[in-house]
Amino acid sequence: MRKFWLLGLLFAFVACAPKGKTDVKEAAEGDNLMRYARNVTVCEKDYGYMMEVICPWDTTLSLGKFALVKDTMAKVGDGLTPIQLPVQKVISFSATQWAVFLRLGEIDRVKGILEGRFVSDTTMKTLLAQEKVYDIGTEAAANIERMIQIQPDILLYSPYFDGNQGGLNITGAVLFPFADYMENTPLGRAEWIRVIGMLAGCEDKADAWFDDIERRYNALSTLCANVEQHPTVFSDLAFNGQWYVAGGRSYIAKLFADAGADYIWKDNPSTASVPMDAESILAKAQHADYWRVINSNPFPMTYESLAKESPVYPLFDAFKNRQIIVCDILPTGYFEQSQCEPDLLLADFIHFFHPELLTGEWADYQTKYYHLLEE
């Protein structure tokens, strides 16, 4: 499982090469309704919404321009792919998509998902067992025949295969590149909730949900804005002898900063992961106060298992001082839910870095995703 997750992460950083370069400014005319997301623009139109997905790797390129149509009698501009609202049959390639439909009470619109065997959510497990939602395989080997049988009107896919859509066009669905995972801020990722809300025809409900997330997240980050002590922290584990360190402008780096921590690689300009060898990691992070890791195995991580995995790990102060913060992704449903709960992720980290700040609404807070690694 860890190998599967890490390979998916690595794919996220390959170069983007869409088939055609378009004028992004032309598609973005009007007032952009999105406040934090940078990979999608949305403008209100007579027919509904004009939406453009921007290539995260080259912002001069457009991954797709769409007319989300409420009023079929209104004129839709040239060069836009029409999507009739609300969408009726959706195939979702990522849990960050179908989990939003579920939370919005619109899961009946989702007819197919990828990687059903890794689902944690009990409702989705039941829907899969009842074949109300179909498992259509893996992203590398999706069941095209099953997708054609579903007859989806829209397919939400993750755009990180060099612009190659892998023959998905034969499904007859509108191919919508869902670039949420490449947003490098927590609120930017969470704001894609509003995109799902527009597609499902429940934008008011989605907006209210996001507004609450925004309020809670910003209130928490304000609490940490003037802390005097900033504990040092680093992140992640080695994979096949290579360590991939989150850049200083990445999603996790933003969370650390907003939680009042001093991320070891905060000065690195990358928004993605940067490969480093273990010696370089040890030289810079050996004396960090905390170490954040993700456990994608089906069994608990322990200090003993980490020590067996690499002789380098016990050399870090965070290991010696038992200050490793771990997220077990399977029981917590991390990849299904956390993107829509950045306020809880932030509260988790504040719980470790500055617990005295969690008062009022956050008094007696119990972490949802992270815990200190047990013996």
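Mentor: A charge sits over a ring if NZ of Lys or CZ of Arg is within 6 Å of the ring centre and within 35 degrees of the ring normal. The model is predicted: local features need pLDDT of at least 70, side-chain atom pairs count only at pLDDT 80 or more, and totals for chains, interfaces and linings use all residues. Residues are numbered from 1 along each chain as its sequence is written, and side-chain values use heavy atoms, leaving out hydrogens and water.

Arg322 lies over the face of Tyr303, 4.1 Å from the ring centre. Likewise, the charged end of Arg146 is placed over the ring of Tyr134, 4.1 Å from its centre.

Now the rings with each other. The structure holds 23 aromatic pairs (Phe, Tyr or Trp rings, six-membered for Trp, with centres within 6.5 Å; planes under 30 degrees apart are stacked, over 60 edge-to-face, the rest tilted). Phe256 and Phe353 pair edge-to-face, at 6.4 Å centre to centre and 65° between the planes. Phe256 belongs to helix α9 (residues 251-258) and Phe353 to helix α15, so this pair ties together parts 97 residues apart in sequence (helices are DSSP runs of H or I, at least four residues, and strands of E, at least two, numbered from the N terminus). Phe256 is buried at 0% relative accessible area (buried is under 20%, with a 1.4 Å probe and protein chains only), and Phe353 is buried at 8%.

Phe349 and Tyr370 make a tilted pair, 4.7 Å centre to centre with 40° between the planes. Phe349 is in α15 and Tyr370 in strand β17 (residues 370-372), so the pair ties together parts 21 residues apart in sequence. Both are buried.

Key:
Buried means under 20% relative accessible area, exposed over 50%, partly exposed in between (1.4 Å probe, protein chains only).
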